[in-house]
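I opened my notebook to look through one structure, a step at a time. Here is what I looked up, in the order I went.

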Amino acid sequence: EFLDAEDPKLSRMLTLALIKSLRGEVLGSCILSQAPPVLEPAPKDRGRWPARLAFMEWPTLEVARQLTLGDNDVFRSIKFHEFLDCGWSRKDKEQRAPNVLAMIHRFNIIGAWVATSVLAAERLPERRAVLIKLLEVAHCCMGLNNFNSVLAISAGLANSAVHRLRATWEDLPSEVLE
């Protein structure tokens, strides 16, 4: 319901995917019957990690897996008492619900990363590729039952600066939006 007011098309997509997931239907190519292939280590000539890792070079499924692993770590650290009395919204929220706040912070960081990734691309074809990749990552996260990252990516794409990129959104193939 809460997405209906923001973006009815996105709300419909997420609702259908959630219903399929609850029925046990396969959501796409991101559901694996076996472990995904192990990534090769970075070439030795790279030396230190670059200041900015280009997520476009990483396999979509691996990006989704890493988001899921990070979300899982934070989610599992939340204690049941942190949910009592909306502790994350009180004055002493850092003491009452530190792990809930960490999950909220992670959600906001992922959303900001998504918006920044799209907006950092200067030309339309590059923005289009980034947008497609992010939508594929969200789809894989849905297949991995990582709804936190799905909604964080959706929030980043709903950012007003990203939402205003009409030429980029119109340039997306229709099958990507389905």
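Before anything else, I wrote down one cut-off: a residue is buried when its relative accessible area is under 20%, exposed when it is over 50%, and partly exposed in between. I also noted that this is a predicted model.

**Entry 1: the overall picture**

I found nine helices and zero strands in the chain. Next I looked up burial, and 33% of the 178 residues are buried. The chain exposes about 12,100 Å², and carbon and sulfur atoms supply 57% of that area. I also checked contacts between residues at least 6 apart in sequence, and 66% of them join residues at least 24 apart.

**Entry 2: the nonpolar cores**

Which residues have the most contacts inside the largest nonpolar core? I found Leu67, Val118, Leu134, Val137, Ile153 and Leu157, in a core of 27 residues. Helix H2 (60-77), helix H4 (98-120), helix H5 (124-143) and helix H6 (147-157) each give two or more residues to this core. The largest share, ten residues, comes from H5.

I then picked Leu134 and listed its contacts, leaving aside neighbours within four places in sequence. Leu134 is in contact with Phe55, Trp113, Val114, Val118, Ile153 and Leu157. There is also a second, separate core of five residues, which includes Val74, Ala97, Val100 and Met103.

**Entry 3: a buried lysine**

Lys133 is buried yet has no salt bridge. What is the nearest side chain of opposite charge to Lys133? I found Glu136, 5.8 Å away. A salt bridge needs the side-chain nitrogen within 4 Å of a carboxyl oxygen. Lys133 does have a polar contact of 3.4 Å, which joins its side chain to that of Thr60. Not counting residues up to four places away in sequence, Lys133 touches Phe55, Met56, Trp58, Pro59 and Thr60.

**Entry 4: the salt bridges**

I reminded myself that side chains of opposite charge can pair when their charged atoms come close. How many salt bridges are there? I counted three, and took them one by one.

- Glu62 and Arg65 meet through their side chains at 2.9 Å, N to O. The two are three residues apart in helix H2, so they are separated by about one helical turn. Glu62 is buried, with a relative accessible area of 10%, and Arg65 is partly exposed at 27%.
- Asp71 forms a salt bridge with Arg106, with the closest N and O atoms 2.4 Å apart. Asp71 lies in helix H2 and Arg106 in helix H4, so this pair ties together parts that are 35 residues apart in sequence. With a relative accessible area of 3%, Asp71 is buried. Arg106 has 21%, so I noted it as partly exposed.
- Asp171 forms a salt bridge with Arg128, and the closest N and O atoms are 3.3 Å apart. This pair links distant parts of the chain, 43 residues apart: Asp171 is in the loop between helix H8 (166-170) and helix H9 (174-177), and Arg128 is in helix H5. Asp171 is partly exposed, with a relative accessible area of 34%, and Arg128 is partly exposed with 27%.

Methods. Residues are numbered from 1 along each chain as its sequence is written. This is a predicted model: local features need pLDDT of at least 70, side-chain atom pairs count only at pLDDT 80 or more; totals for chains, interfaces and linings use all residues. Side-chain values use heavy atoms; hydrogens and water are left out. A nonpolar core is a set of buried Ala, Val, Leu, Ile, Met, Phe, Trp, Tyr and Cys residues joined through side-chain atoms within 4.5 Å. Buried means under 20% relative accessible area, exposed over 50%, partly exposed in between (1.4 Å probe, protein chains only). Helices (H or I, at least four residues) and strands (E, at least two) are DSSP runs, numbered from the N terminus. Contact means heavy atoms within 4.5 Å. Lys and Arg count as positive and Asp and Glu as negative; His and the chain ends are not counted. A polar contact is a pair of N or O atoms within 3.5 Å; within protein, one must be able to donate a hydrogen and the other to accept it, and residues adjacent in sequence count only if both atoms are side-chain atoms. Accessible areas come from the Shrake-Rupley method with a 1.4 Å probe; for residues, only the protein chains shown count as cover.
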